[in-house]
Amino acid sequence: MKKRIFALLFAFNLGIGMITAVEKTEAQKMVEAMGIGINLGNTMEACGDWINKNGGIRAYETAWGSPVINPSIIKGYADAGFKTLRIPVAWTNLMSKDGNYTISPDLLSRVKEITEWALDSGMYVIINEHWDYGWIETEMIENKEEGMKKYKAIWNQVSDTFKDFNEKVIFESQNEELGNFKYKNGTPVWNEYNSGDVKGKKIAYELTNEINQVFVNLIRSKGGNNAKRLLLISGVNTDIIKTCDPLFKMPDDPAKMCAVSVHYYTPATFAILEENASWGTNKKTWGSPKEISELGGNMKKMKTTFVDNGIPVIIGEYGCPTKNKEQESIQNYLKYVCLHAYKNGMCPVLWDIQRKGSPQDPFSHYDRKRKILVDPVVQENFKNIIETTER
């Protein structure tokens with residue numbers, strides 16, 4: 001009798017395990033299928049008043065150091081093991097100023113072309129509204145009605161352009177600016193250094209939630225595959241701690257196909273600085289047990305807050321400069337951030353750019369001219385993560 005009871009309990013427990021595996025949401029399955037990714041940085045989001053607008057798309061595309069993108073560059077990403085390409089875009093670069101906010105057909109066509117190359121290479125594609133002169137930070141506070149009009153105009157045009165593209169094209173509501181609202185004089189509505197400002201925090205979070213809901217409502221109302229497309233929802237400043245705050249709310253989505261986006265640049269003195277600054281001293285090394293534990297804790301927080309509750313997570317950006325850093329520390333940082341995200345069911349997307357000059361300039365990990373990852377150790381680490389890490 002005891003053996004029979006034990007067998008029944010074992011079968012019950014096994015069944016529970018099987019049900020748990022089956023009950024992953026469609027959004028979670030898709031994010032896991034996205035593997036690891038890379039950003040096409042310093043390219044379609046390059047912006048600045050000094051750029052010659054008469055030069056059109058190419059003037060912007062190459063302004064911050066990128067060569068003109070071609071199919072072989074994109075295929076090189078796929079050959080290096082990246083299954084996802086994030087394309088940051090500054091849509092206002094070539095947009096009408098008549099109040100209709102009409103995006104240049106050339107810009108839409110160019111992003112579409114790069115997307116097609118990525119899809120042809122078997123990749124998923126994330127298209128966003130990037131920093132873009134930071135317009136959203138101020139306009140949504142100072143003139144919300146007009147700010148919403150511009151935001152909707154952007155996504156109306158983008159969603160129309162890609163409405164017939166398959167499910168491998170993902171839209172991302174914004175970049176790091178949601179929650180980072182500020183007035184024209186530069187005063188922030190709220191930030192983490194003013195934790196006692198309950199009113200300001202409430203305004204920042206409620207506006208972030210509202211913009212994300214507007215984004216979902218708009219995309220779902222459009223034609224084609226937009227009704228079921230995976231939508232990437234920008235967290236508050238894409239910061240893990242702020243996004244895990246109860247005030248942040250995922251939007252209601254009838255398709256139940258939303259993921260949340262955060263970025264990982266912790267500690268900032270290692271992952272952002274390349275030289276000393278007023279707010280911190282450049283840190284050249286990383287990888288102590290304490291630092292690895294901090295990383296694991298942050299990723300676990302995202303897992304328990306979102307992944308374990310059926311909401312997939314994409315680390316839309318992570319990385320570190322290659323200048324003034326110990327090479328082994330760079331290798332370890334990229335490896336461990338990618339590993340901890342990946343094993344927790346998230347899709348980590350490496351921030352990578354190409355600046356004018358050497359591919360060894362800060363944040364350049366992939367050489368777009370030679371079409372390879374610059375550091376073979378980083379390449380091997382990524383390969384091992386993909387091949388050996390259980391989800």
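Predicted model: local features only at pLDDT ≥ 70, side-chain atom pairs only at ≥ 80, totals over all residues.

Colleague: Which residue does Lys 150 form a salt bridge with?
Modeller: Glu 139. The closest N and O atoms are 3.1 Å apart. Glu 139 sits in helix α6 (residues 135–142) and Lys 150 in helix α7 (residues 144–161), so the pair ties together parts eleven residues apart in sequence.

Colleague: And Glu 139, is that buried or partly exposed?
Modeller: Partly exposed, because its relative accessibility is 26%. The cut-off for buried is under 20%.

Colleague: How many salt bridges are there in the whole structure?
Modeller: A search of the whole structure finds 19.

Colleague: What does Arg 86 pair with?
Modeller: Glu 172, with the closest N and O atoms 2.9 Å apart. This pair links distant parts of the chain. Arg 86 is in strand β2 (residues 84–87), Glu 172 is in strand β4 (residues 169–172), and they are 86 residues apart.

Colleague: Are those two buried or exposed?
Modeller: Arg 86 is buried, and Glu 172 is buried too.

Colleague: What about strand neighbours?
Modeller: Strand β3 (residues 124–128) is joined to β4 by four bridges, and the two run parallel. There, Ile 126 has Ile 170 as its bridge partner in β4. Strand β5 (residues 231–234) also runs parallel to β4, joined by two bridges.

Colleague: Which residue in β5 does Glu 172 stand opposite?
Modeller: Leu 232.

Colleague: Back to charges. What does Lys 242 meet in a salt bridge?
Modeller: Glu 192, at 2.8 Å, N to O. Glu 192 lies in the loop between β4 and α8 (198–221) and Lys 242 in helix α9 (residues 240–243), so parts 50 residues apart in sequence are tied together.

Colleague: How do their accessibilities compare?
Modeller: Glu 192 is at 38% relative accessibility, so it counts as partly exposed. Lys 242 is at 10%, so it counts as buried.

Colleague: Last one. Which residues are linked in a network of salt bridges?
Modeller: Arg 58, Glu 61, Arg 110 and Glu 113.

How values were computed:
Residues numbered from 1 in each chain as written. Heavy atoms only, no water. Salt bridge = Lys/Arg side-chain N within 4 Å of Asp/Glu carboxyl O. Buried < 20%, exposed > 50% of the residue type's maximum accessible area, 1.4 Å probe, protein only. Pairing = 2+ DSSP bridges.
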